[in-house]
Amino acid sequence: MPFEKIVTQRFDNLEAHKISEYEATGGYVALRKALETTPEAVHNEVKAASLLGRGGAGFPAGIKWGFCPPNVWPRYLVVNGDESEPGTYKDRQLLERDPHQIIEGCLLACYAVGLTQCFLYIRGEMAHAQERVATALNEAYAAGYVGKNILGTDFSVDIVLHWGAGAYIVGEETALIESLEGNRGMPRLKPPFFPAAVGLYGQPTIVNNVETLANLPWIVDRGSNAYTAMGAENSKGTRVFAVSGHVNNPGVFEVEFGTTTFRDLIEGSDYAAGVRNGKKIKAFIPGGASAIWFYEEHLDLPLEKVTVDKAGSMLGSGAIVVMDEDTDMVKACHNLVRFFARESCGKCTPCREGTTWLERILARIIAGHGRPSDLSLLTEVCENISPGMAWPPRQTTICPLGPSAVSPIASSIERFRSEFDDYITLSDRRVIPVASA
Amino acid sequence: MPRLNEGNLRIAQDILSRYPKKKSALIPLLHLAQEQDGYVADDAMEHLAELVDVTPAEVLGTCTFYEMFKREPVGDYRINICHGISCHLLGADELIHHAEESLGVRQGTVTDDGISIEGVECIAACTEAPCLQVNYRYMNKVTNDGFDYLVNGLRDGTVTVPKHGRLALTRQAIPEDKAAGNAMVESDAPPAWWPEPEPPEEEAK
């Protein structure tokens, strides 16, 4: 079905990162429109669009904005550009290819919620994105879109480019705030659950994902009705998915939210174009490394938050990783668990010790030193991080990182137990090459 | 010796001026120290502690949490080979093995001519797997030959990459006359564009 692209609308234009090109293609129109109305009107428009947060949790942005306690000032905006979930790379593309769209999104959020300083936190490893955003900000300051008395109005806000230094956990919003305060990036104890109440320097703070903010200029310019006309009942607008792994045409694709299916995206000729070398699909990760795996029978599910949640997984950060029939599931599981073990911040014992042991046990199974009791041991450790190993996960930790490491283990042991058994029991196990090009 | 030099001290002051609280500037300043020396030296951390008004131990605490800050020289070129799930599926482990064989050193060890490799977690270029970064600049769909081409290029100067530590070449500059100013925690006034400011009670008196 034809639809209009929103956040990736300028991706074909290789000059779109320049302010002149951004202005020539409708840029900063929404900002002018917003400044003619009240902050409340802008906030209501975003609420009416039911824009869901694109960071992973999928919380409605307009409602999150409303959690700021009244008459407590100053309030801050922190932009979460610390994208590092394995399989995800939409935010980097948005920052590199269309940085002004993000800047305009920041300005709209600041205007609507009364935020007087914005910190754009970009992942440290993204040197090119930092370069593009720094240049774009310098242009925007010179043109009077950012800073003091924006476009001659009372609206004044500084956007400060800030970058991290390599820590996945900083994507968790309270850890992001800790990191921005110059500390070790460890999540804060909850409650308070939302930084909108107590955030940066103890002040009300809105933390929004890059893609969430990228939607704002379009919504304010075209109105919430045009936005809600696209998508399914509970998932409005469009959404960006990155498809990678064993597919013919890996890429970042913007699709209508909720109506497109996994099959369309993975097999469609306009999208990932099917599993490479004519192989069959063995499993796929629907929403980043933290998600429960899906299989062939899930291909016809729509890319829609509620449906996917009900089916026992999540769309998370929009990262789909496809594994073909030759994939060694024990190695894939180990790979994902190693990620969480390395990235655990060490604050909560179940995660710090648990993920480390999970990784060690899986490594010894792969090395041929697995013990028959190892599978139940893996399960036991998982139970201590996420009791019941249920979905949505329960947790014995402050943040969901630890329980995320349970997902690949729960998935692979349930479905591919025999592969683990082979590693543990067979003396002449045939080693399957990871990449059979 | 490697405290921040005069030029970098000016940049540091500029960075410090953008945050309502000094310690927030710590991560950008650690990057600046790494840019100057290629790694974060102990003396530099002491200097930063003075600048942001915390103890050197607190600077060390922040520094050691983050993967990118190196406390020992890693050579001019650090090659980070991604071994995240998407790259793993498309041969990252084999690529890392080849890289170790080809350079003759294991991960983390620096060659005599200043090159080191490391397997790292997802670097957000999953559709270009397997991928790597040289001093945080991307190289996509890397083959064994591609890796050798890169290393040869770095050695004979045909591939140019800024030295380890330098990230974005452009810095943000907020012109003084255009700055809105920091939102200081102490100031509890609503923003100027906020339509319904509570009538201040003092005026009634």
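The following legends describe close-up views of a predicted model. Local features require pLDDT of at least 70 and side-chain atom pairs count only at pLDDT 80 or more, while totals for chains, interfaces and linings use all residues. Residues are numbered from 1 along each chain as its sequence is written, and chains are lettered from A and ligands numbered from 1 in the order in which they are written.

View 1. Helices (H or I, at least four residues) and strands (E, at least two) are DSSP runs, numbered from the N terminus. Val275(A) counts as buried because 21 C-beta neighbours lie inside 10 Å; the term buried requires 20 or more other C-beta atoms within 10 Å of the residue's own, with C-beta atoms placed from the backbone. Beyond residues up to four places away in sequence, Val275(A) touches His246(A), Val247(A), Lys280(A), Ile281(A), Val322(A) and Asp324(A) (contact: C-beta atoms, placed from the backbone, within 7 Å). Val275(A) and Asp324(A) are 49 residues apart in sequence, with a C-alpha to C-alpha separation of 6.8 Å.

**View 2. The open sheet β3-β2-β1-β4 of chain A.** Its four strands pair in parallel, where pairing requires that DSSP finds at least two bridges between two strands. Because β3 (158–163) and β4 (205–209) of chain A each have a single partner strand, one side of each is left without a neighbour in the sheet.

**View 3. Pairing of β1 (residues 75–81) with β2 (residues 115–122) in chain A.** Seven bridges join these strands in the parallel sense. Tyr76(A) stands opposite Gln117(A) in β2(A).

Technical notes. A residue is buried if 20 or more other C-beta atoms lie within 10 Å of its own, exposed if 12 or fewer, and partly exposed in between; C-beta atoms are placed from the backbone. Two residues are in contact if their C-beta atoms, placed from the backbone, lie within 7 Å.
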